[in-house]
Amino acid sequence: MLVTGGAGFIASHIVDLLIEQGNHVAILDNFSTGREEFVNSQAVVYKEDILDDQLTNILLDFNPEVIIHHAAQIDVQTSIKRPAFDAQINVVGTIKLLEACKAARVRKIIYASSAAVYGNPIYLPVDERHPIAPLSFYGVSKHTPEHYLEVFSQQFDLDYTILRYANVYGVRQDPKGEGGVVSMFIDKILGLQQPIIYGDGKQTRDFIYVKDVANANIAALNSGSKGTYNISCNLQTTVNDLLLTISLLYNHKGTPIYKEMRSADIIHSCLDNSAARRDLRWEPLYTLKDGLKETCEYYSHHYANG
Ligand SMILES: NC(=O)c1ccc[n+]([C@@H]2O[C@H](COP(=O)([O-])OP(=O)(O)OC[C@H]3O[C@@H](n4cnc5c(N)ncnc54)[C@H](O)[C@@H]3O)[C@@H](O)[C@H]2O)c1
């Protein structure tokens with residue numbers, strides 16, 4: 001197995017799980033946001049950019065049966081400011097990876113897509129047949145590769161599964177990053193600062209714990225052929241309630257600062273996960289409270305140790 005973005009938040013958990021299950025694993029990462037300390041010591045490491053011409057040689061060298069593709073530009077606001085840069089990594093990078101998959105006769109690719117492809121829902125929960133209407137270039141650049149996967153699969157006999165993640169949170173998420181409202185709240189609380197909420201906090205998100213996402217990737221290794229699946233808890237939580245739960249875990253009594261809603265922020269999000277339950281025989285195992293507890297313990301420990 002080869003995992004792109006394997007030094008990052010989500011994919012480093014997938015690498016750990018694959019290795020725990022006895023697989024020979026390589027990661028390919030340019031370490032732009034990924035961290036050395038997240039990389040499992042038993043993984044083969046290719047420190048490369050997915051846009052690099054060496055990509056095909058790397059795949060021919062390691063000869064993976066399956067590629068799990070998570071390397072991406074993940075910052076929505078960066079995509080708004082620099083759409084060409086965003087598309088270069090997320091769209092062109094994925095096409096180059098698919099070309100390399102073809103050359104190396106890879107059996108299957110699992111692609112990390114996003115709820116951002118749906119835009120503002122016209123019904124809830126959002127299932128996989130919901131119209132695609134992204135609000136950001138990030139949403140566009142996560143969706144476009146889905147078409148390339150389909151056509152590559154038709155043309156060159158490459159199997160694939162597309163996983164559209166809801167809001168992923170948990171251990172190792174970068175508090176400075178874009179998607180990590182959980183880690184940002186925790187960072188502020190531990191730093192004795194006021195957490196910031198964009199909008200009135202009544203907007204909802206569907207939070208899924210990173211270890212449940214890692215399990216979904218394992219489930220997709222041998223199921224979900226040519227399918228697209230929401231990976232979520234199918235539960236709506238307001239950002240205000242999220243902060244309240246985290247505050248209770250830390251016994252924190254402060255109040256948040258409310259700021260203006262950012263452009264391209266979705267108001268409500270909740271993804272129907274029944275297709276993944278049926279076809280991947282996967283289900284989330286962590287409640288929000290359990291996932292938050294594990295996450296808070298991790299950040300407390302790291303904060304205490306600098
Ligand atoms: N975090 C979420 O809530 C969420 C939700 C939906 C989808 N996703 C998708 O999941 C995947 C992983 O996201 P994450 O939250 O773990 O982010 P992350 O930034 O922690 O991980 C991305 C990894 O890709 C690497 N990378 C970036 N550009 C690269 C390039 N050009 N070449 C090689 N490596 C490169 C980074 O160094 C990093 O290790 C992404 O594809 C993202 O779009 C994440």
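**Notebook: a predicted model with a ligand**

I began with Tyr123, whose side chain makes a polar contact with the side chain of Asp127 at 2.6 Å. The model is predicted, and I keep that in mind for every entry below.

**Entry 1: Tyr123 and His130**

I looked up where Tyr123 sits and found it in the loop between strand 5 and helix 5. A second polar pair turned up here: the backbone nitrogen of His130 lies 3.3 Å from a polar atom of the Tyr123 side chain. Leaving out residues up to four places away in sequence, I listed Arg129, His130 and Pro131 as the residues that Tyr123 touches.

Is Tyr123 buried, partly exposed or exposed? I noted it as partly exposed, because its relative accessibility is 32%, which falls between the cut-offs of 20% and 50%.

I also checked a distance across the chain. Tyr123 and Ser269 are 146 residues apart along the chain, and their C-alpha atoms are separated by 9.7 Å.

Next I turned to His130, which lies in the loop between strand 5 and helix 5. Apart from residues up to four places away in sequence, His130 touches Tyr118, Asn120, Pro121, Ile122 and Tyr123.

Pro125 also has its place in the loop between strand 5 and helix 5. I looked at the peptide bond joining Leu124 and Pro125 and found it to be cis, with omega at about -10 degrees.

**Entry 2: the ligand**

How many residues surround the ligand? I recorded 28, and the closest are Ile10, Asp29, Thr33, Tyr138 and Lys142.

A polar side-chain atom of Lys142 lies 2.8 Å from a ligand oxygen. On the nitrogen side, an N or O atom in the side chain of Asp49 is 3.0 Å from a nitrogen atom of the ligand. For Ile50 the backbone is involved, with an N or O atom 3.0 Å from a ligand nitrogen. On its own the ligand has 820 Å² of accessible area, and the protein covers 94% of that.

Which elements supply the shell? Helix 1 (9-20), strand 5 (108-114), helix 5 (137-156) and strand 7 (167-169) each give at least two residues. Strand 5 gives the most, with three residues. Sorting the shell around the ligand by class, I wrote down 14 nonpolar, ten polar and four charged residues.

**Entry 3: Ser12 in helix 1**

I stayed with helix 1 and picked Ser12, which is found there. Its relative accessible area is 0%, so Ser12 is buried. The Ser12 side chain makes a polar contact with the side chain of Arg172 at 2.8 Å. With neighbours within four places in sequence left aside, Ser12 is in contact with Gly6, Ala7, Phe38 and Arg172.

In soluble globular proteins, nonpolar side chains tend to be buried together. I looked for such sets here. The largest nonpolar core has 64 residues, and Leu18, Ile231 and Ile246 touch the most other members. Helix 1 provides the largest share of this core, eight residues. Apart from this core lies another, of 25 residues, including Ala26, Leu28, Ile58 and Leu149.

I followed up on Ile231. Not counting residues up to four places away in sequence, its contacts include Leu163, Tyr165, Ile208, Val213 and Trp282. Arg164 is also touched by Ile231.

**Entry 4: Ser247**

Ser247 is found in helix 8 (residues 239-250). I counted Ser247 as buried because its relative accessible area is 8%, which is under the 20% cut-off. Its contacts, leaving aside neighbours within four places in sequence, are Ile189 and His252. I also took a distance from Ser247 to Val66: they are 181 residues apart along the chain, with 41 Å between their C-alpha atoms.

**Entry 5: positive phi values**

Last, I looked up backbone angles. Arg105 is not a glycine, yet its phi is positive, near 50 degrees. Arg105 is placed in the loop between helix 4 (83-103) and strand 5. Its relative accessible area is 76%, so I noted Arg105 as exposed.

Arg281, also not a glycine, has a positive phi of about 50 degrees. The loop between helix 9 (274-280) and helix 10 (288-304) holds Arg281. At 65% relative accessibility, Arg281 counts as exposed.

How values were computed. Residues numbered from 1 in each chain as written. Predicted model: local features only at pLDDT ≥ 70, side-chain atom pairs only at ≥ 80, totals over all residues. Heavy atoms only, no water. Near = heavy atom within 4 Å. Polar contact = N/O pair within 3.5 Å; in protein donor to acceptor, adjacent residues only side chain to side chain. Areas by Shrake-Rupley, 256 points an atom, 1.4 Å probe, with all protein chains shown as cover. Helix = DSSP H or I, 4+ residues; strand = E, 2+ residues; numbered from the N terminus. Nonpolar A, V, L, I, M, F, W, Y, C, P; charged D, E, K, R; others polar. Core = buried A, V, L, I, M, F, W, Y, C linked by side-chain atoms within 4.5 Å. Buried < 20%, exposed > 50% of the residue type's maximum accessible area, 1.4 Å probe, protein only. Contact = heavy atoms within 4.5 Å.
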